[in-house]
Amino acid sequence: MKAARALLGWSQTDLANASAISEPTIKRLESQDGELGGRVDTAAAIRAALEAAGIIFVDENGEGPGVRLKKGIHDAGT
């Protein structure tokens with residue numbers, strides 16, 4: 001989640017606004033290591049907001065899972 005925000009130039013507030021998830025929830029989820037915890041619908045809302053902004057989630061490919069920014073998305077910030 002942090003890496004995706006960094007690619008977009010988003011703050012936690014930006015992600016909270018885009019996903020309709022509270023900022024304290026975003027902060028709590030980002031403070032945990034490993035897979036995204038919390039409720040399934042919370043994770044889905046966050047993922048949908050990031051994908052709508054141009055993030056591509058990359059599955060495990062031997063190098064570990066990750067995120068990329070779609071081609072053509074240059075200044076996706078706030």
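The axes of α2 and α3 cross at roughly 120 degrees and come within 8 Å of each other. This is a predicted model, so to speak a computed picture to explore alongside the coordinates above. The crossing of α2 past α3 is right-handed. On the α2 side, Gln 12, Thr 13, Leu 15, Ala 16 and Ser 19 make the contact, while α3 brings Glu 23, Ile 26, Lys 27 and Glu 30. The residues of this α2 with α3 contact are split into 3 nonpolar, 3 polar and 3 charged.

Now for the other partner of interest. Helix α2, residues 12-19, also packs with helix α4, residues 40-52, at an angle of about 105 degrees and with the axes 8 Å apart. Angles of 65 to 115 degrees count as roughly perpendicular, and α2 and α4 are therefore roughly perpendicular to each other. Here Leu 15, Ala 18 and Ser 19 of α2 meet Ala 45, Ile 46, Ala 49 and Leu 50 of α4. That contact of α2 with α4 holds 6 nonpolar residues, 1 polar and no charged.

The two contacts can be set side by side:

The volume of the largest pocket is about 690 Å³. Its lining counts 23 residues, and Met 1, Gly 34, Glu 35, Leu 36 and Phe 57 lie nearest the centre. Two or more lining residues come from each of α1 (2-8), α3 (23-30), α4, β1 (55-58) and β2 (66-69). Sorted by class, the lining of the largest pocket has 13 nonpolar, 4 polar and 6 charged residues.

Technical notes:
Residues are numbered from 1 along each chain as its sequence is written. This is a predicted model: local features need pLDDT of at least 70, side-chain atom pairs count only at pLDDT 80 or more; totals for chains, interfaces and linings use all residues. Side-chain values use heavy atoms; hydrogens and water are left out. Axes are lines fitted to C-alpha atoms, for helices over the stretch in contact, and angles run from 0 to 180 degrees between N-to-C directions. Helices (H or I, at least four residues) and strands (E, at least two) are DSSP runs, numbered from the N terminus. Angles under 35 degrees count as roughly parallel, over 145 as roughly antiparallel, 65 to 115 as roughly perpendicular and the rest as oblique. Contact means heavy atoms within 4.5 Å. Ala, Val, Leu, Ile, Met, Phe, Trp, Tyr, Cys and Pro count as nonpolar, Asp, Glu, Lys and Arg as charged, and the others, Gly among them, as polar. On a 1 Å grid over the protein atoms alone, a cavity is a set of points where a 1.4 Å probe fits but cannot get out, and a pocket is an open set with protein on both sides within 12 Å along at least five of seven lines; lining residues have an atom within 4 Å of a point. Grid points are joined across faces, edges and corners, and a volume is the space filled by probe spheres set on the points. A crossing is left-handed if the near helix is turned anticlockwise from the far one by less than a right angle, and right-handed if clockwise.
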